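Look at the structure first, then read on.

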Amino acid sequence: MTTTETAVAAADTAPRDTRQPRRRRPWQLPAARLAVPLLALLAWQLIDPVTDLVPAPADTIRELYSGFVDGWIYEGLRATASAVGTGFVLGTVVAFPLGYLMGSSKTLTAIFEPLVAGTFAVPRVILYPILLAVFGVGLEAESAMVAISAFFPILMSTAAAVRNVSPSLLKLGRSLSARPLQIARKIVIPDAAPSIMVGIRIGFSIAFIAAIIAELFAAKDGLGLLISQSYAVLDLPRMYAVVLLVMLAAFAGNLLLWWAERRLRKA
Amino acid sequence: MSGSAVTATARAPSRRRPPPVATVRWGLVIGSVLLLEAAARIGMIDPLIMPPPSTMVVRLGEIVAGGGFLTDLTTTAAAVLSAFGLGAVGGLLIGILFWRLPFVGATFEPYLVSLYSMPTLVFYPILLALLGLGPAPIIVIATTMAMIPVALNTMVGLNSISPTLPKLARSLNCSRTQTYLKVLAPAATPLVVPGLVLGFIYAMIGVIAMEFILASEGLGFRIGYTYRAFEMQDMYAYIVFVFVIAVAANVALNAIERRVRRDME
């Protein structure tokens with residue numbers, strides 16, 4: 001019995017690529033994907049009457065709307081945005097040239113890569129109290145936290161991308177007696193750009209998460225602080241509104257970088 | 001002939017290279033620690049901002065010898081292991097499900113991938129309200145973080161199995177259990193194991209980060225607590241401990257991963 005079942009199942013799947021959904025119309029997959037957030041919203045709506053701890057989606061969205069109309073959200077939003085922006089730019093500006101250097105030299109890779117890879121599992125947030133001790137609570141400490149978090153993925157992906165530039169392209173450049181800066185601008189960076197963007201995207205999401213953790217721990221302003229403050233006074237619609245905004249902001253940032261990555265890949 | 005001669009001479013210096021490279025690497029590490037030590041000793045760094053590294057290590061020794069340390073360590077370790085265990089089982093099941101039902105897999109895959117990059121930890125007040133202050137909210141968030149790489153790698157690993165293998169299993173009259181355990185599982189292992197390694201690392205990062213903002217015990221909590229209490233030496237001692245443990249875990253897991261992959265090839 002079991003053997004027949006397996007045989008039938010195997011006969012059914014074996015000749016095809018198992019990844020191909022079988023006999024579906026082209027619109028079915030996008031429709032199913034679209035249904036997921038709608039079902040999540042429905043589930044949220046259904047949980048609301050069951051417990052006092054979850055406000056209805058409509059109340060949450062109304063509260064978020066009021067945040068923009070009455071303006072209570074701007075201060076926090078501005079603080080988080082500037083910390084993430086400053087730190088992310090800072091991390092990228094430092095990580096990119098270092099990654100480029102590391103990727104173009106086998107010796108530098110051999111020296112530094114094990115060090116960088118070895119610290120991969122260290123939760124970056126444990127460094128936040130050190131930054132607080134150095135800078136005090138405020139924008140500087142949070143930006144530094146964001147910069148450190150973004151630094152490592154961008155460094156690693158830049159190094160890997162530069163290392164993977166096709167050697168024949170580099171040979172071509174040299175045979176055309178291009179100067180190092182020309183080789184960098186015309187050959188290495190265009191070729192490595194899509195892979196570097198992957199690192200920048202990952203760096204952004206890690207940096208954003210680090211900023212929120214930092215704000216939940218100690219901050220003067222920010223969305224994370226708004227969450228913990230509204231939780232402390234049990235203003236649940238406001239708390240959910242900020243949580244929703246944080247998720248939407250992370251999603252939008254990722255979508256934007258992912259779109260940039262795809263454009264670079266096509267070009 | 002001349003080609004092999006060229007590669008032989010080209011390879012010779014690189015064969016001699018490993019010792020100097022390792023020396024430089026460790027020289028840099030030890031050098032920067034000594035630099036910090038010197039800077040802290042001569043007063044270039046305010047002891048309220050950072051004590052000398054040697055003081056951190058001595059203090060760590062005292063903390064480990066003292067009472068509460070073991071409680072923190074076991075709390076964190078228990079949370080990491082539970083989050084990893086739940087995440088691994090859940091991730092494997094989701095991965096298998098998404099492989100068996102490709103349409104479901106294709107539907108949920110983009111959401112699973114983007115969940116990676118979402119600050120899911122902002123749900124902590126909700127979990128805190130639902131589950132209370134304790135290990136449960138921490139474990140829930142760390143579990144979701146650990147589950148994603150396991151699920152994605154399992155799905156990709158199973159999808160990349162050559163169709164000839166299930167065919168072979170069928171022609172050998174394997175039972176369903178035999179097909180799963182003796183054919184599919186070993187074939188998917190080279191990709192599943194890296195997923196498990198990532199899952200463990202994410203469980204560790206998740207637990208320590210969550211303890212940092214919401215806990216009353218654990219290593220992550222202790223770092224935040226000693227900061228708020230202005231016990232800088234204790235804070236650095238705990239940071240050094242977590243840093244060393246995380247690096248050691250990473251090195252050990254990578255060694256296991258390499259071994260498994262080598263055995264599989």
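## Confidence in the model

Chain B has a mean pLDDT of 87, and 92% of its residues reach 70 or more. Here pLDDT is the predictor's confidence in each residue, from 0 to 100. Over residues 1-12 of chain B the pLDDT is below 50, and beyond near neighbours in sequence this stretch has zero contacts in the model. A contact means that the C-beta atoms of two residues, placed from the backbone, lie within 7 Å. Helices (H or I, at least four residues) and strands (E, at least two) are DSSP runs, numbered from the N terminus.

Chain A has a mean pLDDT of 86, with 91% of its residues at 70 or more. Residues 1-19 of chain A have a pLDDT below 50, yet this stretch has 24 contacts in the model beyond near neighbours in sequence. Where pLDDT is low, the predicted coordinates should not be read in detail. For the complex, the predictor gives an ipTM of 0.85 and a pTM of 0.85.

This is a predicted model: local features need pLDDT of at least 70, side-chain atom pairs count only at pLDDT 80 or more, and totals for chains, interfaces and linings use all residues. Residues are numbered from 1 along each chain as its sequence is written, while chains are lettered from A and ligands numbered from 1 in the order in which they are written.

## Where the chains meet

How many residues of chain A are in contact with chain B? There are 51, and they contact 52 residues of chain B. Several helices of chain A each supply at least two residues to the side that touches chain B, including α1 (2-13), α2 (28-47), α9 (180-217) and α11 (236-266). By class, this side of chain A has 37 nonpolar, 10 polar and four charged residues. Ala, Val, Leu, Ile, Met, Phe, Trp, Tyr, Cys and Pro count as nonpolar; Asp, Glu, Lys and Arg count as charged; the others, Gly among them, count as polar.

Phe251(A) lies in helix α11 of chain A. Leaving aside neighbours within four places in sequence, Phe251(A) is in contact with Ser114(B) and Met118(B). Phe251(A) is partly exposed, because 14 other C-beta atoms lie within 10 Å. The cut-offs are these: a residue is buried if 20 or more other C-beta atoms, placed from the backbone, lie within 10 Å of its own, exposed if 12 or fewer, and partly exposed in between.

## Helices of chain A

Helix α5(A) has 13 residues. From its first C-alpha to its last, α5(A) reaches 18 Å, close to the 18 Å expected at 1.5 Å a residue. The expected span is 1.5 Å times one less than the number of residues. A kink of about 40 degrees lies at Phe112(A), shortly before the proline Pro114(A). The bend is the angle between axes fitted to the seven residues ending at a residue and the seven starting there.

Is Leu245(A) buried or exposed? Leu245(A) is buried, because it has 22 C-beta neighbours inside 10 Å. Leu245(A) is found in helix α11 of chain A. Not counting residues up to four places away in sequence, Leu245(A) touches Leu64(A) and Leu223(A).

Ser143(A), in helix α7 (residues 139-163) of chain A, is buried too, with 25 other C-beta atoms within 10 Å. Beyond four places in sequence, Ser143(A) is in contact with Ala83(A), Thr86(A), Gly87(A) and Leu90(A).

## Two loop residues with positive phi

Most residues other than glycine have a negative phi. Ser177(A) has a positive phi of about 45 degrees although it is not a glycine. Ser177(A) sits in the loop between α8 (167-175) and α9 of chain A. Ser177(A) counts as exposed because it has 7 C-beta neighbours inside 10 Å.

Leu234(A), not a glycine either, has a positive phi of about 55 degrees. Leu234(A) is in the loop between α10 and α11 of chain A. Leu234(A) is exposed, with 12 other C-beta atoms within 10 Å.

## Inside chain B

The domain assignment of chain B gives domain 1 (2-45) and domain 2 (60-264). Such bounds come from an automatic or database domain assignment. The C-alpha centres of these two domains lie 33 Å apart.
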